[in-house]
Amino acid sequence: MALKRIIVSVFIYVLYLHSAVVCAQGSAVNEEKVAASVVEEHVEEVLSVDHQQAVTLAREGKLISAYRHIQEAYRDDPQNPKIIADHLAISAWTERYDEAVTLYREHQVIDLPDYAMKEVIRSLRETGDYAQAIRLAEDFLRARAEGDIDVTVGLIYSLIQAKDHAEAAARLAEAKEAYPDTLRFRSLQALLFAVRKQWDELLGPAGGIEALVTDGQDPAVVSDLNEAFYLAYDEAIAIARSERYDEALSLLDRLGVFKHKSQQVESDRIVINVWQEKFDEAVDAYARMNIETDPPPYFLKEVARAYKKTGEETEMPDRHRRYIESYVQAIEEEELRSHAQLDVIRVRVEEGNLDEAVRLIDGIPEDDLGKPEALFLKAKIYDSTKEYWKAVHVYNRILKMDPDNHAALNLKLRSLMDLGATSLVLEESEKHPGVVDAVIAERAKTNVPMHQIRWDEPALALDEIKQLEEKYADLLAKGADDQTASENYDRIKWDRFLALRKEEKMDEIVRGYEAHLIAGDEIPPWVHRAAGDAYLYLQRPEEALEIFNKLIKADQSFDLEMSAYYTLIELGRYEEAQDALDRLDDVTPAKVVRRGILQDNWQKADIAFNKAWLLMYQDRLKEAESYIQETKKVSPFNTHLRTAEAHNHLYRGWKRRALDEFKMVRTLENSLISAQIGYARALNENMKKKEAREEIKDLLKRKPANKHVQCLLRQFDVEEMSVVTFDASYTAEDPGEDEYVLSLRGDQPIGFQHTLFAEVIRRETTQEGGNDVACKVRVGDIWQVNNNWRLIGAITGDYEKTDGVGFLGGIQYQLNDCWTFDFGYESDTFDISSRLRADGVEADLYTLSATYRMSELFDTTIGVTFKDFTDNNEYLQYFWRTDMALTTSAYWKTRLGTEFSYETFSDQNVAYYSPEETYSFYFVPMVEHTWFRRYEKAWVDRMYLGVGQKWQSDFGASGVGYVRYEQDHKFSDTKSWLIGTTYSLNEYDGESVNALNVYTTVRFKF
């Protein structure tokens, strides 16, 4: 035992030396900890010969020999946990990461020691499986309160590579606080700045690059910095290729902090000068350049071009002449020989500069393109730029020269398939069965559904897919060992989702998608995308957002980002939606170069009008109006922007202006669905209801699954439903009386202009002289004559008495979107105190008012009320009310109202309250909060605070006020419930009276 402990001590020392070697090679493993772990694992264990030799050799740093012995040990005892752990660790130390990962996946049930698990995490990271590396690293750190710096480093690096930048930033902040002296976290911070394209932070003081870029630095730190450098460097070159040369040069200048990359930076400055045709500057810069390593060929070719253009070949510095003389000669030959031109074009293709390649090859005279080599290159370029029809013409030229050129025929058929000319491919494959590649012929058959989808024929595509699924399923069921059949079967299976998406059969998509999830199938991204759209369509935005966010981590495309944005809107998460839209706006250029032509970027326009809609969704309608007006100065004929403006007019109550704007949009672009929907809504608001329904039904025939069309049709249907409304109110005055008021009303639309209504009201008052009960019934018609005039007429009476039939009438005239005038009359009105009714006094009510509504921000009403009492007393009231928005947002609104009233009675010698003159004025601030809103459901509450002053003749002035709180619940588009309470303080004839009122309204549509 003593001898064994001596051997173990020696092993610890050797392993410590080995850890220093591995660190010098850039390994992220803390070998001191590994050494302790390995020794602890094997102190009390008798190892096999090969296993013991492997451990010994590993501790001596002889990793290749150790690997051979651990392999032998593993072959002899493949289920031994200790051998598996050491095999895995040694495989990783010898950079056999794939083998380490395979071992781990084969033996996941084994509880690995820390040193082996850390190597598993590193191997997963090195093989690019960042998702699993992240999961295991998080589990590892979660189980160890003391943490582990190496695993933390690997976790942060994996998060960066997996594009989970927010989590990486959070972890990095924690790590920098826990390990403030660790340079690796500073280099990871620089890398995170780079992947997020935060160049100011990377290259400014926050990045601290100058302090990190020093000789003898940790290789891992250098690796992070190099990666950060190349991200910034690639961005600069990409900017230069889009012809934003000054911006590119500015970024390259800032990259000067990477001193060890100075030659590369200077080289590309020269290349960009050549691209700008600043040949003299390029030549001068090259002459001053201190070349330390052999320059790359692409750079020397551009320098040679600059010398050739300036005619200063003889002025080349002697120390550089050996580099570029041959390239100058190549440039001269390029100008004389067509094959040299083709070489240049090939270089452009290899660089990915397809626009330049197309420009160059289009500039070659037709006579110089007579060789198949040149023609094949030209066709290849056209295929790469997706100009398939041009490629087909070039292949036809080759086939005209050489009809038996099978390669040209097959490539032509591939281009035809990309064009969607599948029928031509099938026809050619039938004509030349021995020539056309069988794979192309079969692929053409499976392409038919996809092209049908593109041609908006998803129903035909689904039929074709069904037949192909049956065909391939039958082949595979018979045991056919056909890899192509299997691949085509998989392709057809997934294409079915695209056809269903085009057909907008969202329920089927979700059912199929969830079945594949349960089966554990590997689902392609486009199927996930279709499922996300389907969940959103079916009003399940939480599931949709989860899918879109996962897809964005793998592919930050514009369309996916916008899908996530729309889903955030559906969820009411407007701040997150704003952040998402702003991020897209920051990285989306206003202009893009397509085929060498600077054009407007439609994506930028898409963001612009969505910014308007985002403000509208949050009820920030004035801000939306201002934004649209400013944006229209740049893009006055953008129909999407004008459509948003027209919808905003509707929301602001300007229905006539909205209709005019929608008509203008239809003139510019009659096929815009959002404009057609808005046009139908505006027609309805402007009392052109029949025309509105014809418009939406015609749209539904063309777009039967469009959710917005369906929703508007539903709104029209709800508008024509019968309505039952129940109101209840209880008021208790102190001192004073208690009162109950109950009413039940039914409304029945008849056609588009008439609404018949019937209402029953019961009011019961408890007072000193006993209870007073008043009953009333109203039966009448609301006649919306046209867009300007509305008439109301009803017969009224006491339903417990046979006499006393009365009349209710009203006239409303709406001059325009702002001005409305109202006149009303009611005989035997309920709007008098119970005491008067108990004494047998009745009154007729007359009202006249004018309302000016500027928008949702402000409205005011001025009017007069006259009551003619049966005891010859007369009541006259002049009133003026205003309501003004202070702040508006999606979930919070504040408003300020004012109420002014002057009242007078003609006779004061009566037994009831009848002052000669009364003035009152209230300020009424209001706060509204939306607790929840999703589709047709909402929960809103409001708080009103009335603070005022009242003056009564003979009694002077007194303070008055009230507090009202109410909740408004919308359960669906047909059911709602309002409940509230008001506490008020008033004064009558010098006596203070406080009152508590509770009220509720329940409304059903059916």
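The model is predicted, so local features need pLDDT of at least 70 and side-chain atom pairs count only at pLDDT 80 or more, while totals for chains, interfaces and linings use all residues. Residues are numbered from 1 along each chain as its sequence is written, and side-chain values use heavy atoms, with hydrogens and water left out. Helices (H or I, at least four residues) and strands (E, at least two) are DSSP runs, numbered from the N terminus.

- Let's start with H36 (residues 639-651) and H38 (residues 673-685), which pack at an angle of about 25 degrees with axes 10 Å apart. Axes here are lines fitted to C-alpha atoms, for helices over the stretch in contact, and angles run from 0 to 180 degrees between N-to-C directions.
- H36 and H38 are therefore roughly parallel (angles under 35 degrees count as roughly parallel, over 145 as roughly antiparallel, 65 to 115 as roughly perpendicular and the rest as oblique).
- On the H36 side, Thr 643, His 647 and Leu 650 make the contact (heavy atoms within 4.5 Å), and H38 brings Ser 674, Ala 675, Gly 678, Arg 681, Ala 682 and Glu 685.
- Sorted by class, that contact of H36 with H38 has three nonpolar, four polar and two charged residues. Ala, Val, Leu, Ile, Met, Phe, Trp, Tyr, Cys and Pro count as nonpolar, Asp, Glu, Lys and Arg as charged, and the others, Gly among them, as polar.
- H35 (residues 621-634) packs on H36 too, at an angle of about 155 degrees and with axes 10 Å apart. That makes H35 roughly antiparallel to H36.
- Residues in the H35–H36 contact include Ile 628 of H35 and Tyr 651 of H36. By class, this contact of H35 with H36 splits into six nonpolar, four polar and four charged residues.

- S7 (residues 789-797) and S8 (residues 806-814) run antiparallel, joined by eight bridges. Two strands pair if DSSP finds at least two bridges between them.
- Arg 790 has Gln 812 in S8 as its bridge partner.
- S8 also pairs with S9 (residues 819-826), again in the antiparallel sense, over seven bridges.
- Four residues form the hairpin that joins S8 to S9, and Leu 808 stands opposite Glu 826 in S9.

**Met 687**

- You'll find Met 687 in the loop between H38 and H39 (689-702).
- Not counting residues up to four places away in sequence, Met 687 touches Phe 752, Gln 753, Gln 784, Asn 786 and Asn 787.
- Met 687 and Gln 753 are 66 residues apart in sequence, with 8.2 Å between their C-alpha atoms.
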